[in-house]
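Here is a short briefing on one protein chain. Look at the model first, then follow the points below.

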Amino acid sequence: MIDKNQFRDHEHLSYFHDKKSGLKAFIAVHDTTLGPAAGGCRMWPYDSEMDALSDALRLSRGMSYKNAMAGLPLGGGKAVIIGNSKTDKSEELFRALGRAVESLGGLYITAEDVGMTVQDMMIIATETKYVAGLPQGDHASGDPSPFTATGIYNGIKAAVKYKLGLDSLKGLSIAVQGVGHVGRYLCQYLHNDGVKLLVSDIVQENLDYAVTHFGATIVAPDEILSVKADVLSPCALGAILNDDTIPNLNVSIIAGGANNQLASDYHGVRLMDRGILFAPDYVINAGGIINVSGETTGDYDVNWVNKKVDDIYHTLMHIFERAEQEQRPTNMVADEMAEEIIAKAAK
Ligand code: NAD
């Protein structure tokens, strides 16, 4: 029933159907070698249950890699609710999901993801203690965006050092696609360092803020992926690095926070062939999960979080060095390094 490629080393898979609320959800636990499986809960109007299952399997494995590379005591898991986040939400639905998470007894810790809001997570939390990333409560860690942005800033510095041999970002031009939560904090860091910012967004208010506060130059959404700059920092959408966009890129580094920037793994090869250094997204954007992880340990310590976010610089340096030595794309090297960390801990 399940394609062998998708069901790869997964430890556990549950399907929950609650007739009363209409809940239909999968929870996939990929690996718990490093700790309980953590990963967001996504609500999406999947065309079929098989599509939802595939997403849960793929995303839970991605979370194992992300948590491993961030050096966290967490495994990888994911919940997906089949439904339209605009029309199908109800308190009963989220309570049922909360009971589903609780029934796994801590094997899986959930958090907010696409289609979900903090309010939804708070309803889930009325039925289970295995929720992270809440705005209030004993160990609540709050908005993860500033930590994500700090990690991306560290990652950009690592990529600039590796590719351009520079210790400072001063005078460089950086194109930022999306100046929302993460992009705005990132632009503040880059502006403080004397970077010339080129920004794109589809919300005028966000652009106005970047112009007023960071002296940014606005670039049209359909030009940001071909604009000439030293670095491109995608902070909006996934799958933007694809057959159509890669030939037109006019940068030597891609380092940004958006999830799943490569349309497929193979596009990492295309970037390597073009001599463009790619900072694997799940490594550079781990600041948010690092912050949430501080919450799951039950003893939130901002110094521990900051140290882990700083480590993103060194982790990326290792990836860049190994990728060059082995003449392989950085995304594939990162996956392999994550698998090695998990395999070593399993011994
Ligand atoms: P956000 O919604 O606050 O910001 C995204 C911005 O991109 C918005 O301002 C939006 O208007 C803009 N945008 C949308 N389509 C665009 C387009 N075609 N061209 C240019 N801009 C466009 O989201 P966020 O929290 O800042 O997250 C940004 C990305 O980083 C997402 O891919 C998210 O999954 C990822 N991410 C976020 C965090 C976090 O801590 N928030 C952590 C890890 C990964």
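An open sheet of 6 strands runs in the order 9-8-7-10-11-12, with parallel pairing. Two strands count as paired if DSSP finds at least two bridges between them. Strand 9 (217-218) and strand 12 (277-278) are the edge strands, and each pairs on one side only. This is a predicted model: local features need pLDDT of at least 70, side-chain atom pairs count only at pLDDT 80 or more, and totals for chains, interfaces and linings use all residues. Residues are numbered from 1 along each chain as its sequence is written, and side-chain values use heavy atoms, with hydrogens and water left out.

**At the sheet edge**

- Strand 8 (residues 196-200) and strand 9 run parallel, joined by 2 bridges.
- L198 has T217 in strand 9 as its bridge partner.
- Helix 6 (residues 204-214) packs on the sheet and touches strand 8 and strand 9. Its direction makes about 170° with that of strand 8. Such axes are lines fitted to C-alpha atoms, for helices over the stretch in contact, and angles run from 0 to 180 degrees between N-to-C directions.

**The whole chain**

- The chain holds 11 helices and 12 strands. Both are DSSP runs numbered from the N terminus: helices are H or I with at least four residues, strands are E with at least two.
- Does the radius of gyration agree or disagree with that of a compact globule? It agrees, because a compact globule of 347 residues would have a value near 20 Å, and the chain has 20 Å. The radius is taken over C-alpha atoms, and the globule rule is 2.2 Å times the number of residues to the power 0.38.
- Along the principal axes, the C-alpha atoms fill a box of roughly 60 × 45 × 40 Å.
- Of the 347 residues, 51% count as buried. Buried means under 20% relative accessible area, exposed means over 50%, and partly exposed is in between (1.4 Å probe, protein chains only).
- Among contacts with a separation of 6 or more, 64% come from residues 24 or more positions apart. A contact means heavy atoms within 4.5 Å.

**Two domains**

- The domain assignment gives domain 1 (5-124) and domain 2 (145-286 + 315-339). These bounds come from an automatic or database domain assignment.
- The C-alpha centres of domain 1 and domain 2 lie 28 Å apart.
- Across the two, 8 residues of domain 1 are in contact with 13 residues of domain 2.

- Helix 9 (residues 287-296) is largely enclosed by the rest of the structure, because 9 of its 10 residues are buried.
- Among the buried residues of helix 9 are G287, I289, N291 and E295.
- Their cover includes helix 1 (49-69), helix 4 (145-164) and helix 10 (302-326).
- G298 follows helix 9 and has a positive phi, near 85°.
- N67 lies in helix 1. Is N67 buried or exposed? It counts as buried, because its relative accessibility is 0%.
- Leaving aside neighbours within four places in sequence, N67 is in contact with A38, L72, L74, G75, G76 and I289.

**P247 in its loop**

- P247 sits in the loop between strand 10 (231-234) and strand 11 (253-254).
- P247 is partly exposed, with a relative accessible area of 43%.
- Not counting residues up to four places away in sequence, P247 touches N242, R270 and R274.
- P247 and L271 are 24 residues apart in sequence, and their C-alpha atoms are 9.0 Å apart in space.
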